[in-house]
Amino acid sequence: RQAGESGRGEAARMAGHETGLAGLPEPPQGPKWASINRAYLRAIIESQIPPYRARPYLGAGQSPEEDLEQQLAAGLSLTLREDFCWSLCFHPSFVRRLCFEGFLPICSEIANGTGLYVLLPKLHTRRCVLEFSELRVPKSARKRARGFRISVNQAFGRVIEGCVEQHGEDWLHPPMRALL
């Protein structure tokens with residue numbers, strides 16, 4: 001599904017949920033949490049879980065993207081400890097903006113089985129850059145790779161399913177998979 005599209009059934013099911021950018025509903029947090037205001041959830045999480053209190057919260061206010069811009073302009077990348085921020089906003093345009101700004105969006109469930117998910121945007125302070133002009137692939141690796149081929153956008157759904165099958169839902173929880 002493309003950002004901004006929703007079926008009639010989904011719109012009816014999500015009626016009453018807090019809306020995100022452009023009036024689109026936020027993805028549900030789970031039946032127990034869906035109707036609770038995001039600001040209230042944030043306050044509960046920060047009061048009960050000390051690591052979240054110490055991490056910057058992204059996406060506050062009416063425009064999560066503007067909040068992100070303001071925090072980046074204020075030097076977020078220079079003051080960030082442990083590479084992680086957090087958010088309760090799973091709006092597709094917000095997550096796209098996080099990716100554009102260099103964040104890796106990770107999803108985590110608070111206390112397994114609660115159905116309350118948080119977005120943990122990770123901004124690596126050190127990155128690996130592969131310079132293709134300096135890349136040397138050994139002959140033995142090229143020989144072993146002959147039976148494989150590289151493709152793009154051919155089986156994305158199967159790749160995601162394979163990741164979950166092999167590694168579990170560690171960071172590919174349902175709200176994150178819905179965004180992908």
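Okay, some ground rules. The model is predicted, so local features need pLDDT of at least 70 and side-chain atom pairs count only at pLDDT 80 or more, while totals for chains, interfaces and linings use all residues. Residues are numbered from 1 along each chain as its sequence is written, and side-chain values use heavy atoms, with hydrogens and water left out.

Let's start with the fold. You're looking at nine helices and two strands; these are DSSP runs, H or I of at least four residues for helices and E of at least two for strands, numbered from the N terminus. Going along the sequence, the pattern reads α-α-α-α-α-α-β-β-α-α-α.

Now, contacts, meaning heavy atoms within 4.5 Å. Take the contacts with a separation of 6 or more: 61% of them join residues 24 or more positions apart.

How much of the protein is buried? Of its 180 residues, 34% are. Buried here is under 20% relative accessible area, exposed is over 50%, and partly exposed is in between, with a 1.4 Å probe and protein chains only.

On to the inside. A nonpolar core is a set of buried Ala, Val, Leu, Ile, Met, Phe, Trp, Tyr and Cys residues joined through side-chain atoms within 4.5 Å. The largest one has 19 residues, and L58, F94, L98, F103 and L119 have the most contacts inside it. Elements giving it two or more residues are α6, β2 (117–122) and α8 (156–167), with α6 supplying the largest share, three residues. Have a look at L98: setting aside neighbours within four places in sequence, L98 touches L58, L68, F103, L119 and P121. Apart from this core there's another, of 12 residues, including L41, W86, I110 and L120.

Next, salt bridges: a side-chain nitrogen of Lys or Arg within 4 Å of a carboxyl oxygen of Asp or Glu. How many are there by that rule? Four.

One of them pairs E46 with R42, with the closest N and O atoms 3.2 Å apart. Both sit in helix α2 (residues 38–48), four residues apart, or about one turn of the helix. Is E46 buried or partly exposed? E46 counts as buried because its relative accessibility is 18%, whereas R42, at 26%, counts as partly exposed.

Then there's R97 with E69, at 3.3 Å from N to O. This pair links distant parts of the chain: R97 is in helix α6 (residues 92–100) and E69 in helix α4 (residues 64–73), 28 residues apart. R97 has 22% relative accessibility, so it counts as partly exposed, and E69 is partly exposed at 43%. E69 and R97 also belong to a network of salt bridges with E101.

E169 and R177 meet in a salt bridge too, at 3.0 Å from N to O. E169 is partly exposed at 31%, and R177 is partly exposed at 29%.

Last stop, the outside. L130, F132, L135 and V137 make a nonpolar surface patch with about 400 Å² of accessible area together. Patches take residues with over 30% relative accessible area and no salt bridge, joining like charges within 9 Å and nonpolar side chains (Val, Leu, Ile, Met, Phe, Trp, Tyr) within 5 Å. V137 lies in the loop between β2 and α7 (139–144), and V137 is partly exposed at 33%.

Notes: Accessible areas come from the Shrake-Rupley method with a 1.4 Å probe; for residues, only the protein chains shown count as cover.
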